[in-house]
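Hi,

Here is the structure I promised to pass on to you. Have a look at it first, and then read my notes below.

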Amino acid sequence: MAGDSDAEKTEDASPRRLEKAREDGDVPRSRELATFAVLMTAGAGLWITGDSLAGRLSAALASGLTLDREQVYNPAVLLERIGNDVGGVLLACLPLALAIMLVALAAPLLIGGFNFSSKAFMPNFMKLNPISGLGNMFSTNALIELLKAIAKTVLVGCVAWIVVMSQKDAVLGLAVEPLGAGTGHVADLMARAFLFIVGSLGVVALIDAPWQVWHYNNKLKMTRQEVIQESKESDGNPQIKGKIRQMQRQMARNRMMQNVPGADVVVTNPTHYAVALKYTDGQGGAPRVVAKGADEVAAKIRELARANNVALLEAPALARALYKHTEIDDEIPEKLYSAVAEVLAYVFQLRHYSKVGGHYPDRPTALPVPPEMDPLNPASRAQPDPAPDTNNGAAR
């Protein structure tokens with residue numbers, strides 16, 4: 001069942017797949033919408049320019065049927081007149097032709113937009129494969145196109161039949177009408193027939209355009225395996241990325257451990273947390289956190305501190321507060337100034353005792369750590385948690 005599910009195209013096409021399809025020249029298009037737009041433009045153009053175009057064509061026809069003596073015996077004059085007549089007709093048709101040409105170019109862009117692909121010009125010999133051609137002829141898409149063509153023919157034929165039958169008496173009456181009135185009546189009948197027939201094509205276009213968009217998106221759907229494979233190709237294998245992140249964390253941890261021997265003191269929980277502090281006299285600013293960790297990392301920090309004679313001080317509340325509210329290379333929070341000052345004072349006194357002897361300094365026990373800074377204190381639960389430390393172990 002899982003294999004069948006993976007083989008089904010249930011996932012929408014990814015942006016990368018859509019972009020690749022556009023690069024291959026595959027975009028949704030509706031021929032019915034383009035045809036409707038061109039015909040409507042032609043009808044509107046004839047409606048607007050019909051009088052001037054008819055006048056120009058009538059003049060050209062009259063000129064072509066009129067010959068005088070000079071034109072008969074002087075071919076140059078005849079050719080000049082023919083050129084003038086043809087030029088006049090072309091000039092009269094130019095606005096309508098330009099409008100139809102522009103709409104014919106722009107109408108396909110109504111869905112799918114503009115797309116240019118050089119791959120579409122490359123020869124594809126698979127299209128010459130007769131087996132593939134037979135498969136396309138009997139495919140579901142070919143059946144749908146056939147049904148659509150039949151439906152369009154029936155619809156347009158029915159509309160045309162209704163229009164003709166509704167104007168039957170008017171068409172028969174044209175035989176007895178005068179030439180001028182009959183010409184105008186014919187134009188009116190043709191305009192009505194054109195309007196109704198093209199209107200029926202508009203209904204076809206309104207159905208075909210959404211269908212083409214749906215069919216295009218459905219054709220590009222992907223299986224779950226394809227989505228996973230594309231994610232691997234674009235973003236990299238998740239296992240490799242996890243390995244890289246692990247190596248980055250290890251490198252960051254190694255750099256952090258190099259700072260422990262130069263620290264002034266390591267404040268411990270005593271076992272769960274360890275935070276190494278360093279204060280540089282004369283540079284201003286508060287003491288900084290040069291290393292911190294939990295569990296195994298904390299044990300490693302304590303081990304390095306002992307190996308390099310860095311002072312260790314058990315201060316559970318202060319260690320928890322420093323671990324929660326600071327990051328590597330951060331200055332300590334202002335609320336912990338007093339507590340850290342007592343710790344550093346103890347460390348400096350301890351160094352003095354090691355050098356010259358005298359009274360052994362008293363270890364600080366009641367450090368002034370504000371309740372809201374201690375994660376185990378209920379007062380700290382209302383405070384927002386900082387960003388998780390990805391370089392160290394989980395907090396406890």
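In this predicted model, 19 residues line the largest pocket, and G43, L46, W47, A187 and A191 are the ones nearest its centre. Two elements each give two or more residues to that lining: α3 (31-64) and α9 (179-219). The biggest share comes from α3, with ten residues. Sorted by class, the lining has twelve nonpolar, four polar and three charged residues. The volume of this pocket is about 830 Å³.

How does α3 pack with helix α5 (residues 75-106)? Their axes are 9 Å apart, at an angle of about 180°. An angle over 145 degrees counts as roughly antiparallel, so that is how α3 runs relative to α5.

You can trace this contact in the viewer. On the α3 side, look for residues including A37, V38, L46, L53 and L57; on the α5 side, the residues include V89, A92, L96, I100 and V103. By class, the contact of α3 with α5 has 15 nonpolar, five polar and three charged residues.

Finally, a word on confidence. The average pLDDT of the chain is 79, and 84% of the residues reach at least 70. Residues 1-5 have a pLDDT below 50, and that stretch makes one contact beyond near neighbours in sequence. Residues 385-396 also stay under 50, and there the model has 27 contacts beyond four places in sequence.

Enjoy exploring!

Definitions and conventions: Residues are numbered from 1 along each chain as its sequence is written. This is a predicted model: local features need pLDDT of at least 70, side-chain atom pairs count only at pLDDT 80 or more; totals for chains, interfaces and linings use all residues. Side-chain values use heavy atoms; hydrogens and water are left out. On a 1 Å grid over the protein atoms alone, a cavity is a set of points where a 1.4 Å probe fits but cannot get out, and a pocket is an open set with protein on both sides within 12 Å along at least five of seven lines; lining residues have an atom within 4 Å of a point. Grid points are joined across faces, edges and corners, and a volume is the space filled by probe spheres set on the points. Helices (H or I, at least four residues) and strands (E, at least two) are DSSP runs, numbered from the N terminus. Ala, Val, Leu, Ile, Met, Phe, Trp, Tyr, Cys and Pro count as nonpolar, Asp, Glu, Lys and Arg as charged, and the others, Gly among them, as polar. Axes are lines fitted to C-alpha atoms, for helices over the stretch in contact, and angles run from 0 to 180 degrees between N-to-C directions. Angles under 35 degrees count as roughly parallel, over 145 as roughly antiparallel, 65 to 115 as roughly perpendicular and the rest as oblique. Contact means heavy atoms within 4.5 Å. pLDDT is the predictor's confidence in each residue, from 0 to 100.
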